[in-house]
Each structure stands twice: as C-alpha cells, then as structure tokens.
Amino acid sequence: MESFSLALLAYDRLIAICWPLRYSTINTNLRMLLIIVGIWSLVILLEIFPVIFAARLPYCGSRNVNSCCCEHSPVYRLACADTSYNRQLATAKTLTVLLGPLTFIIFTYVIVVVAVTRIASISQRWKAFHTCLTHLLLVLLYYMPVLVAYVLGNLRLVGNVDLFTAILTISVTIPPMVNPIIYSLKTDELRDKIVKLLGKTKVANG
C-alpha cells in the first residue's frame, strides 16, 4: 500500500509542477477518490490470492514461522508439497508492488526534471525542487531498506534467519514511523515552533 501511495504522490507532484493552473480541475476530489479506491482494491487482490493458494497447501511438518508475522513466503515454505507455483506467485507479487510503482515514480520525475529545466527563474526551480524533496526522501527511505532486504534474502547473503527477520522488520516498520516526522518538519509553522522551543530549552539550560 505504501509503494502505491508513493506512486500516487509522484503523480500529484507531476500535475502540480507540469500543469499548475489545471491542478484543481485535473485532481478533483472525485478523481482522487476513485484512484484511492482502485489502489486499495488492487492491494487487497494482491494479498488475497497468495493467502488462498497458501491455505490450500498441506502442512504436515513444523508450524513455526521464521518471521515476525505470517507473511506469504515464510508460511508456504513450511508446506510438505510442491511450492513452485507459490514461489512464482510471491516473486510476481513482489515485482508488481515494488518495481511497478518505482518505475512509475522514476518516469514521472524524468518528466518533472525536463519541465523544471525549462523554467527560467532560479527561484521557481528551487520552489519546484523543494516541492519534490519531501517525496524523494520518502521514496529513498522506503525503497532502499526494502530492496536491500529483498536482495539479501534472494542471494542468501544473510545466513542467520533471526538476523534477516530483524532486517526485514526494520525495513517495513521504520519508514512509516518516520513519514509523519518528515511531513511535519515540512510545515513551516510547526518547524518554527520546534526551533523556538529548542531555542528556549538551550537558554534555560544555559
């Protein structure tokens, strides 16, 4: 859901920078509602099918899942049957939810960069860059740990299951926790209050 949300934010930045005067007519409340409903529907479908296929497998061995939660991959590996289809399904799902939105984000930012370079004013270029900065931080913060964990898992570079589980847990929990902080610091009023509060704290300590 977060990867598709980041793609939606990239679409929003694209419209805001390339067609600023038409932003309110393009991104209407109804259109955004339909997009969000479509994303939720896609995410639910992507999660339901792996669960259904994993539930049909016979589990006659260990019931201990080597993960902090019952994800599809650690669960189907416990089955005592052929899981090649489940493995292919898991790979296809991962590529869809990670590389699909990431490709769209890169594509939109290529268009944004081309549009920004055509702006004559340096101040307007900086304003456009500042508009995208928060989103770029969120994209890096989300995709870098997830991709690293995915590469480490597939290449078997981490032999310890507990260590890999810890890496995967951090990669999917830290970014959502940091998101509100990044967006809050972007708000000028809140940022000014934090600076004033820190200034008062230093004066009091002094």
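Let's start with the aromatic rings: by the pairing rule used here, there are two aromatic pairs to find. Keep in mind as you click around that this is a predicted model.

**Stop 1: Phe53 and Tyr85.** Select both residues and show their side chains. How are the two rings arranged? Their centres are 5.2 Å apart and their planes meet at 70°, so the pair is edge-to-face; the cut-off for that label is over 60 degrees. Now colour the helices. Phe53 sits in helix H3 and Tyr85 in helix H5 (residues 84-117), so this pair ties together parts that are 32 residues apart in sequence.

**Stop 2: Tyr142 and Tyr143.** Here's the other pair: Tyr142 and Tyr143 are edge-to-face, with 5.0 Å from centre to centre and 80° between the planes. Check the surface again. Tyr142 counts as buried because its relative accessibility is 13%, and Tyr143 is buried as well, at 3%. The cut-off for buried is under 20%.

Stop 3: Go back to helix H3, which covers residues 29-55, and pick out Ile36. With 37% relative accessibility, Ile36 counts as partly exposed.

Key. Residues are numbered from 1 along each chain as its sequence is written. Side-chain values use heavy atoms; hydrogens and water are left out. Helices (H or I, at least four residues) and strands (E, at least two) are DSSP runs, numbered from the N terminus. Buried means under 20% relative accessible area, exposed over 50%, partly exposed in between (1.4 Å probe, protein chains only). Rings of Phe, Tyr and Trp (its six-membered ring) pair if their centres lie within 6.5 Å; planes under 30 degrees apart count as stacked, over 60 as edge-to-face and the rest as tilted.
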